[in-house]
Amino acid sequence: MPLLTSSHVRRYGWLSLLASIELAAPHVTAAQAFPDLVEFSAWSRSWSGTLGSKGVEVTLNRAADGLSGSYCYQPCAAETRYRLQLSGRIEGEQAVLTERDVNNPTVTTGTWHVTSFNDGIAGSWISSAGKRKLPLKLDRTQDELEVRFPFEIRLLADALPEEEGDGCPTPPVVFGIRLYKDGEPVQTLVTESHGTCSLFLPELIDANFDGWPDLTIAELLPAGPNVPHQTWLYDPKTGRFVDAPSVLQGVTSAEFDPAHQMIYSYWRSSCCEHGVTTYRWQGDEVVEVDNRSSYFLPVMDGTTRRTCYIAPAYVKGFIEFPSRIEQTKDGRLTLHGIDPQSCDLDEGAFLERTYIDIWKPAQPGEQPTRLRTEESEWVKTDTSEGPRYCADVPYYDNGHIRRVVLSERTEWCSQQSPDQQ
């Protein structure tokens, strides 16, 4: 079999080339087949144990010989979990990691000397001044998916990752995920992943809720939260990974809720529109269940008009609007999770998606029921410059709906009804 270069890859495509390699010579590594590409180990792992006498939780990511991650002292909280950063290099079963506080990253707060990664992490922590030395003993923590994943992951890329330093280095492009078992290559998953500052690592997920580990990797990091991923499902009968259905491949930033067998995605379509979409498996396919987007809710704060930005959220199997207007049994309207003073001042210019949804009160964990919607309308109005179509907007006002025609300034209005344009 002739050796192939990246130009061949770009010309003929990764899928057919790597597939032909596995069929013709399954024990030939992709790096051997493509000499101007490199293959290197990659993993994300977690440990817990003690640093000195204190309990700690540690997460490390490996890409080639580079290590990066963080740790926290137990009990770890959201504000402390990623505060202490680690970075360094691995050499065989040993490593030296520099410790820094994320709030002051130019100052070294300590150094980790790892003497072994066998059956956990053993080593020591030394203070920045070298006057204190504490023993380090950590045990590997694995969830069920990690336990059931029998493969070693190596990435196939156009270069080795640069060593971490100041600034934002350009990471290599990952073209394949190579899986090894007992030291032998068993499968190559073809991809094209462009990281930002650092490369993306494959992640274990249970995308189809069958209890077996599936794989996903981010393809790029766009300006918004809509991160595209490529996903493969594990087939326990064959011991190999297969492409996930096309609908799931098209879901950006997918998250998985095994308790409710739901897939959900938070997305953004513009600066002022965010939403949530939910999906469910039907046989071997993924189908959309629900889709909700943000809107503008008008409220009166005394005599001041304000506009509240209301965004949906995924909660325990369904989508709801945590901030909303509810109607009590006596018909009175109340604000739920909305502080009018935190909302923007109403500038008068009519915004699209401006209306009021009114909901039946719900218990925590219960899906709210929408009773009705008070919508904005365009009405013909006499203004200082003659008849115009102006926005008739519903405002929540102290337990009731008050409609206001925005006609103070003619530039807010239109000579023709926008509904007919």
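**View A. The disulfide of Cys-72 and Cys-76, and its handedness.** In this predicted model, the torsion about the S-S bond of Cys-72 and Cys-76 is about 95°, so the disulfide is right-handed. A disulfide is counted here when a pair of cysteine sulfur atoms lies within 2.5 Å, and the sulfur atoms of Cys-72 and Cys-76 are 1.9 Å apart. In general terms, such a link is a covalent bond between the sulfur atoms of two cysteines. Cys-72 is buried, with a relative accessible area of 1%, and Cys-76, at 18% relative accessibility, counts as buried too. Buried means under 20% relative accessible area, exposed means over 50%, and partly exposed covers what is in between, with a 1.4 Å probe and protein chains only.

Residues are numbered from 1 along each chain as its sequence is written. Because the model is predicted, local features need pLDDT of at least 70 and side-chain atom pairs count only at pLDDT 80 or more, whereas totals for chains, interfaces and linings use all residues, and side-chain values use heavy atoms, with hydrogens and water left out.

**View B. The disulfide of Cys-168 and Cys-197, between two loops.** The sulfur atoms of Cys-168 and Cys-197 are 1.7 Å apart and form a disulfide. The torsion about this S-S bond is about -105°, so the link is left-handed. Cys-168 lies in the loop between strand S9 (152–157) and strand S10 (173–181), while Cys-197 lies in the loop between strand S11 (184–194) and strand S12 (203–205), so the pair ties together parts that are 29 residues apart in sequence. Strands (E, at least two residues) are DSSP runs, numbered from the N terminus. Cys-168 is partly exposed, with a relative accessible area of 48%, and Cys-197 is partly exposed as well, with a value of 35%.

**View C. The disulfide of Cys-390 and Cys-413, and the pairing of the cysteines.** Cys-390 and Cys-413 form a disulfide with their sulfur atoms 2.1 Å apart, and with 105° about the S-S bond this link is right-handed. The pair links distant parts of the chain, 23 residues apart, with Cys-390 in strand S30 (residues 386–397) and Cys-413 in the segment after strand S31 (400–405). Both Cys-390 and Cys-413 are buried. The count of disulfides comes to four, and when the bonded cysteines of the protein chain are numbered in sequence order, the pairing is 1-2, 3-4, 5-6, 7-8.

**View D. Cys-271 and Cys-272, two cysteines without a bond between them.** Cys-271 is in no disulfide, and the nearest cysteine sulfur, that of Cys-272, is 3.0 Å away. For Cys-272, the closest cysteine sulfur is that of Cys-271, and the 3.0 Å between them is too far for a bond. Cys-271 is exposed, with a relative accessible area of 64%, whereas Cys-272, at 33% relative accessibility, counts as partly exposed.

**View E. The open sheet with the order S16-S17-S18-S19.** This open sheet of four strands has antiparallel pairing, and two strands are said to pair if DSSP finds at least two bridges between them. Strands of a sheet pair through backbone hydrogen bonds, either parallel or antiparallel. The edge strands are S16 (254–257) and S19 (285–293), each of which pairs on one side only. Strand S16 and strand S17 (residues 262–270) pair in the antiparallel sense over four bridges, and Glu-255 stands opposite Tyr-264 in S17.

**View F. The open sheet with the order S25-S24-S27-S28.** This open sheet of four strands has mixed pairing. Strand S25 (333–336) and strand S28 (369–375) stand at the edges, each with a single partner strand, so one side of each is left without a neighbour in the sheet. Strand S27 (residues 355–360) and S28 run antiparallel and are joined by six bridges, and Ile-356 stands opposite Glu-374 in S28.

**View G. The largest nonpolar core.** A nonpolar core is a set of buried Ala, Val, Leu, Ile, Met, Phe, Trp, Tyr and Cys residues joined through side-chain atoms within 4.5 Å. The largest one has 23 residues, and those with the most contacts inside it are Leu-155, Ile-177, Leu-179, Leu-215 and Phe-241. Strand S1 (38–51), S9, S10, strand S13 (214–218) and strand S14 (229–235) each supply at least two residues of this core.
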